[in-house]
Amino acid sequence: MSDLSVWLAQESQSEREYLLKHQPRDFVEISPPEFDRYYAWVTDFGFIEMKLELSGVQPLIEDYDLGINFDVLLSEEQRETLKLIQGAIRKSAHVLDKDKTQLVEHLLGRLLPDEVTIIVDNSKYFWEYLPLIGRFTPRKPVKKKRKKVSSPDDIQAILTQAKQSKDNPWLRPLEANLERANEGSLRTLVGHTGGVTAVAIAPDGKTAISASGDRTLKIWNTETGTELRTLTGHTEGVRAVAIAPDGKTVISASYDNTLKIWDMETGIELRTLTGHTDRVLAVAIAPDGKTAISGSSDNTLKIWDTETGTEVRTLTGHTDLVSAVAIAPDRKTAISASYDNTLKIWDTETGTEVRTLTGHSNSVRAVAIAPSGKTAISASNDGTLKLWDIWDIDSATELFTLTGHSSPVSAVAIASNSLIAVSASSDHTLRVWDLLNGKNVITLFGHTSPVSAVAIAPGSLRAVSASWDRTLKVWDIDRDNKLGILTHHLLSVTTVTISLDGNQAVSTSEDTTQKVWDMNSGICLRTLTNPTKSLREVAIAPSKKIAVSALGDTLKVLDMDNETILRTLTGHSGRTNAVAIAPDGFIVISASQDKTLKVWHIDSGNELITLTNHTQSVNAVAIAPNGLIAVSGSDDQTLKVWDLLTGKQIASFSGEHGFNCCAISPDGVTIVAGDVWGRVHFLRLEGMKQGHGRETTMPFRYKLNNPVTLFYEGFMLAKQGEYEAALSKLTEVAEVRPDATVVWFTIGKVLYNLERYEEAITCFDKAIEIEGENRELWFYRGLALMKCDSQDTARASWERAISIQPDDCDFWIEKAEALCESEYYEPAICCFDLALQIKPNNAATWDWHGFALGRSGRAEEAISSYNRALELQPDDPDILDHRAYALLTLGRYEEAMADWDKVLEIDPHHANTYNNKAWYFVLQNQVELALENLRRAIELEPEKYRELAKTDADFDGIRGDVRFQELLLG
């Protein structure tokens, strides 16, 4: 801890909170100002960490605005340092809002010194733009240079403090592995659950509204990244959105064939506009705010009176869907874009088509008109943009074509100065264009899916982009003039492997290249083209005799010698994306689209444990050489490290993009992972401790009988009922990992099954010392205490379990039902009592309660429970049937028969009642009636009641009857 953080920690809570909230501003605003002390505070990691924990991200960001202001007397170098710190925190705001523990990792990932590749020139020869010739002629190489990026000394000091602050296992970036603080977007906005299709910025320049395939719109404060509200009402995806000039209303266009007008301030839907006969794809609002124009898949445009919601006129002329529309500043002219490869200029007052603009060789996706009204720019699926002179609409002409995107161009926006445009493309980039010369001046990287929309704030060069990766990004398109910084790969990284000596790694990408990396420096040594595809869905055991492959949501265990399938592992509810086998070949781990990983015993095919914590598809998994930990990568943009003994997450790293692949070096602590943006990450697992708390590089050295293997061997032996053999192995594990709750818990259950209840209680107590808020531990402790005739203590143990989750009735019902199946009726009754204590009006629980009481010989109490169940659920045939059986055991035959008769009145097909009546008639030696009722039960459910009759001693009285034997034969 820094001296400042130690001092702050010693202050009272109220004083500390005041200092963290207000002291930076006080330093700047007091007379005379203390700029040096202000700078010392905001460049101290302890202050940063404590302020983030207390106030959140935005107040911390605002502290740096104080120093970046030129009225504050700091050196240019100090001001630049503050910009870098602020930029790093702002770019990671969407991560830190969810998980503040990622602060250290993200500061390192964005501020460590680095060496980057800068694109100097990516222009093409003119013939490369010719559709046929360009495919067969030489291509102009992209000019790029390597540039070292250092970090100021004050930032290095912060990073040193940050690393020293970690006292739990964590993944330390070995290099700058995230977008740098002063590059790319300013911040990322997350919240949509579907692709973001459109975005518009309000006149204040600080508010934006996004539209999404998730059927919602969201309003954002772009300066703080805060989601202000969500607008719901559309029944299909929302495709377009426009904000009125006064900033008070919004119009959205949807695949549900409608437009909706919303109050921007309240989020209330004001009216719905109907008239289109197909999806509405575009909308624009006139400068006076009184008129809107929409474009649709029905090939038409419609002009609307926004104040009344009435349709003014329909514009026809396009021969394919209308994808975009823009209205000129004079309000009299509109331009539409269509998939018929044209743009059309319209007189909005008369609805007349004035001119058709041709030139694109594919569908036109977007159009924007400059604020000057003199030019327009179109974007097309042909990968180009075209700038048009529309000053005289009767003679509108193409000025020039903008080229550079490698995929369809989906959107374009023009800045207020009419000199700059920004385009968005399916190639995942945005490009900034100088409209005076048609040159691409900046390329913006960061999205991992097609960029669907872009808007520029009025009076500024701040832009917001929207993408199918479900995010929006805020950009300052004026803050640098470079064409762009290359990521490691140009496309998604699909696999990574590490050399046996741990010195090099190789990554394979969808960009058809392989890159060889130095593991120590993270520098790319060489690039290879046309790599061989690697498989993540197949793993081969070290013996090379067994392989495990993924097939759909299952795994197949294969005999490599005989080429046969030994067994199929089932349990995942989604596609299995990756598998890894432990070095000793004992276990295999699978990663799935169902957001989980599962650990399996290869030889038996049993599922041992499920690892849960990922929130999206898990794409990759790797097991450390010592077999003790695993690393997984997911679309939720995290890498997670798992303790394979306990099944718990022990460390996590949040990136900026989903992770596709990962590998662990032979040293067991260096991890390499590839993400969907093309970056290769190098991280080191630090802070691991042994069970006795002594820090070490890894928990244990590699050996085939490591604790994980021993534990699962013991676990499997216990599952097979070989308790003594299981106990021997588990005890050995406990000596090495006394910190592992699951070890003591499993030993306790084994001892319980060996009827060594006192020892079992001791083990449960040790587990509770480690993890006192675990209900399972308290439950099994209570179970063992009951076996020791310590009823009151057992009850107290279960009351403690209830206190952990007081409202969870299902836990106790599940435990009670399991005990009933094991014929442990007295403990089951206690569990049902606890469940009824939580939820007393549950008829099904009273029914089960009666069953357990009846089986334990407490028939009178059972009948009372059934009566209570019937009060809650009158005339329930199952409960009546159960009560009749209890009445029968007490010799109250007439009452029992009355209940059964009532059951059959309610449900003439209640097979169990016929079976029970047959049993009763056997007792009464009424053979004919017994056979008649048994026949009816078998007719209704043949398999169940025929098999039951074969073994049920209740039918021994008629077993010799030929008719009974005929019933059994069917």
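Mentor: Start with Asn 577, which counts as buried because its relative accessibility is 5% (buried is under 20% relative accessible area, exposed over 50%, partly exposed in between, with a 1.4 Å probe and protein chains only). This is a predicted model, where local features need pLDDT of at least 70 and side-chain atom pairs count only at pLDDT 80 or more, while totals for chains, interfaces and linings use all residues. Residues are numbered from 1 along each chain as its sequence is written, and side-chain values use heavy atoms, with hydrogens and water left out.

Trainee: Which side chain does the side chain of Asn 577 make a polar contact with?

Mentor: That of Arg 575, at 2.7 Å. A polar contact is a pair of N or O atoms within 3.5 Å; within protein, one must be able to donate a hydrogen and the other to accept it, and residues adjacent in sequence count only if both atoms are side-chain atoms. The Asn 577 side chain also reaches the backbone oxygen of Val 618 at 2.9 Å.

Trainee: New topic. Is Glu 236 buried or partly exposed?

Mentor: Partly exposed, because its relative accessibility is 37%.

Trainee: What is Glu 236 in contact with, leaving aside its neighbours within four places in sequence?

Mentor: Arg 215, Ser 254, Tyr 255 and Asp 256, where contact means heavy atoms within 4.5 Å.

Trainee: And how far is Glu 236 from Met 264 in space?

Mentor: 21 Å, C-alpha to C-alpha, and the two are 28 residues apart in sequence.
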